[in-house]
Amino acid sequence: MKKLVTRREALGLLGAGSLLTLAACSFAPKKDEPTPTTQQTSSAVTVRVAALKGPTAIGLLPMMKDTSGIPTADAATTPQKADGITYSYTISGAPDQVLPLVIKGDTDIALVPSNAAAVLYNKTKAAVQVIDINTLGVLSIVTADTSVAQFADLKGRTVYMAGQGASPEYTFRYLLKQAGLTDKVTLEFKSEHAECVALLSSNPQAVAILPQPFTTAALAKNTNLKAPVALVDVWNEYAKGSGSQFVTGVTVVRKEFARQYPDAIVDFLSRHERSVRAVNENPTSAAQLVVEADIVPNEKIAEAAIPQCNIVSLTGDAMKKALSGYLSVLNEFDPASVGGKLPDDDFYYRV
């Protein structure tokens with residue numbers, strides 16, 4: 001019988017890998033399932049996809065609608081769906097709701113924080129691979145306090161954020177260390193970004209770290225709020241010598257699933273790339289899908305946020321260069337942030 005994964009345990013996985021035993025058992029073939037030894041066709045397979053409510057999910061929305069969807073420049077060359085490949089989707093509010101799905105084998109593909117992918121790889125004995133980068137830097141400092149105008153102004157402040165144990169926390173802590181602010185800033189974590197937004201509205205002195213599209217939504221709702229600092233700019237200042245990019249989110253696949261259904265991975269990547277491009281090329285049309293998915297409350301906010309969301313679909317060498325550089329910086333700062341060590345080359349999926 002499989003053990004249930006609690007919220008606390010999932011956070012433990014992100015920070016220190018407390019679900020190692022469960023993960024190893026969950027990725028082992030079930031007694032009534034054959035162990036795949038050769039590549040099989042992807043006929044009659046349902047690909048279960050899990051994403052987080054935010055930029056990663058926004059890039060999926062046209063694909064989730066299963067339409068030719070939003071017009072793009074190459075709409076006439078849209079690939080047809082591969083025979084027998086269908087998709088089911090789950091969108092959750094926090095990483096600790098998505099990661100157990102991967103660990104227990106209840107999802108096949110998941111869009112997760114970049115460091116969480118490395119943790120999963122290490123704690124499941126290399127049972128997952130990253131197939132693309134879906135989001136680059138999207139975090140900003142948000143506050144109504146006009147005395148906070150640059151990163152150094154966080155000295156002596158309490159900063160609220162969601163994503164404990166995920167890439168937002170480790171990225172922020174790395175930047176605090178580089179700026180000499182490690183012991184001068186107090187972090188207080190909330191379970192979801194909406195809680196941080198509520199604090200900003202009730203306390204004019206509050207400071208929060210928010211991703212897009214929540215930053216744009218918060219500023220639209222409360223005109224006293226400002227976003228004076230984008231963390232991607234701070235990252236570029238302090239990590240410029242590393243040659244890395246600030247990688248927020250990636251897409252992982254269970255290695256067993258990828259080996260068994262390679263055609264499904266090719267199909268997913270093709271559709272995801274087109275879906276991302278559709279959103280970026282036509283944010284006006286994409287905004288309606290964002291509201292329907294209950295990610296932000298209205299289309300004007302969604303349309304304004306999409307260009308700031310850094311939604312991408314990077315694969316192959318570009319993916320490996322950007323992600324390995326980012327993970328190397330985090331690993332040097334704190335090996336626990338990537339699960340104890342950098343992933344091996346087989347972490348990076350190649351079609």
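Modeller: This is a predicted model. Start with strand E4 and strand E10 (residues 247-254): they pair in the antiparallel sense, over seven bridges. E4 itself spans residues 128-136. Nine of its nine residues are buried, so the strand is largely enclosed by the rest of the structure.

Now the aromatic pairs. The count comes to eleven. Take tyrosine 87 and phenylalanine 268. Their ring centres are 6.4 Å apart and their planes sit at 45 degrees, so this pair is tilted. Tyrosine 87 belongs to strand E2 (residues 85-92), and phenylalanine 268 to helix H12 (residues 262-281). The pair therefore ties together parts that are 181 residues apart in sequence. Both tyrosine 87 and phenylalanine 268 are buried.

Phenylalanine 347 and tyrosine 348 pair edge-to-face, at 5.0 Å centre to centre and with 75 degrees between the planes. Phenylalanine 347 is buried, at a relative accessible area of 0%. Tyrosine 348 has 8% relative accessibility and counts as buried, because the cut-off is under 20%.

Ring pairs also build a cluster: Tyr174, Trp235, Phe246, Tyr326 and Phe333 are linked in this way.

Technical notes. Residues are numbered from 1 along each chain as its sequence is written. This is a predicted model: local features need pLDDT of at least 70, side-chain atom pairs count only at pLDDT 80 or more; totals for chains, interfaces and linings use all residues. Side-chain values use heavy atoms; hydrogens and water are left out. Rings of Phe, Tyr and Trp (its six-membered ring) pair if their centres lie within 6.5 Å; planes under 30 degrees apart count as stacked, over 60 as edge-to-face and the rest as tilted. Helices (H or I, at least four residues) and strands (E, at least two) are DSSP runs, numbered from the N terminus. Buried means under 20% relative accessible area, exposed over 50%, partly exposed in between (1.4 Å probe, protein chains only). Two strands pair if DSSP finds at least two bridges between them.
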